[in-house]
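Hi everyone, thanks for coming. I'd like to walk you through one structure today, so let me put it on the screen.

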Amino acid sequence: MLKTPLGRFRAVALLEGLSFVVLLFIAMPLKYAADMPLAVRFTGMTHGLLFVLYLFALMEVAIALRWSFSRVAVAFGASLVPFGNFLLDAKLRKEAEGA
């Protein structure tokens, strides 16, 4: 999976999506309901690093596969919506199986 630009993008996208979900649905409630601000600090830093890696992987796959601007915009938008990366991955996997 990590041998191709698309495979690397999908792997980073899944990790970034998972970190976003953990940040929103586990770390944030821990911060405000259980007074545990360190949960957000560490999860937030991890998510920030993975988001930057996601952007680099998106640029790599967009150049390698000559993605259109609209496709890149959709992939970027998927990273901003909870569970968006998982939906994007399902679509990319379906396309890869059909090709």
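How many residues does helix α4 have, and how far does α4 reach from its first C-alpha to its last? Helix α4, residues 84-98, has 15 residues and reaches 21 Å, close to the 21 Å expected at 1.5 Å a residue; that expected span is 1.5 Å times one less than the number of residues. Helices here are DSSP runs of H or I, at least four residues, and strands are runs of E, at least two, numbered from the N terminus.

A quick word on the source. This is a predicted model, where local features need pLDDT of at least 70 and side-chain atom pairs count only at pLDDT 80 or more, while totals for chains, interfaces and linings use all residues. Residues are numbered from 1 along each chain as its sequence is written, and side-chain values use heavy atoms, leaving out hydrogens and water.

Now, the whole chain: the secondary structure comes to 4 helices and 0 strands, in the pattern α-α-α-α. The C-alpha trace spans about 50 × 25 × 20 Å along its principal axes. Of the 99 residues, 32% count as buried (under 20% relative accessible area; exposed is over 50%, partly exposed in between, with a 1.4 Å probe and protein chains only).

Back to α4. Which of its residues are buried? They are G84, N85, L88, D89 and L92. Seen down the axis, the buried residues of α4 fall within an arc of 130 degrees, so they line one face of the helix; the arc is taken from the directions from the helix axis to the C-beta atoms. Their cover includes α1 (5-33), α2 (37-65) and α3 (69-78), with contact meaning heavy atoms within 4.5 Å. On the other side of α4, L87, K94, E97 and G98 are exposed.
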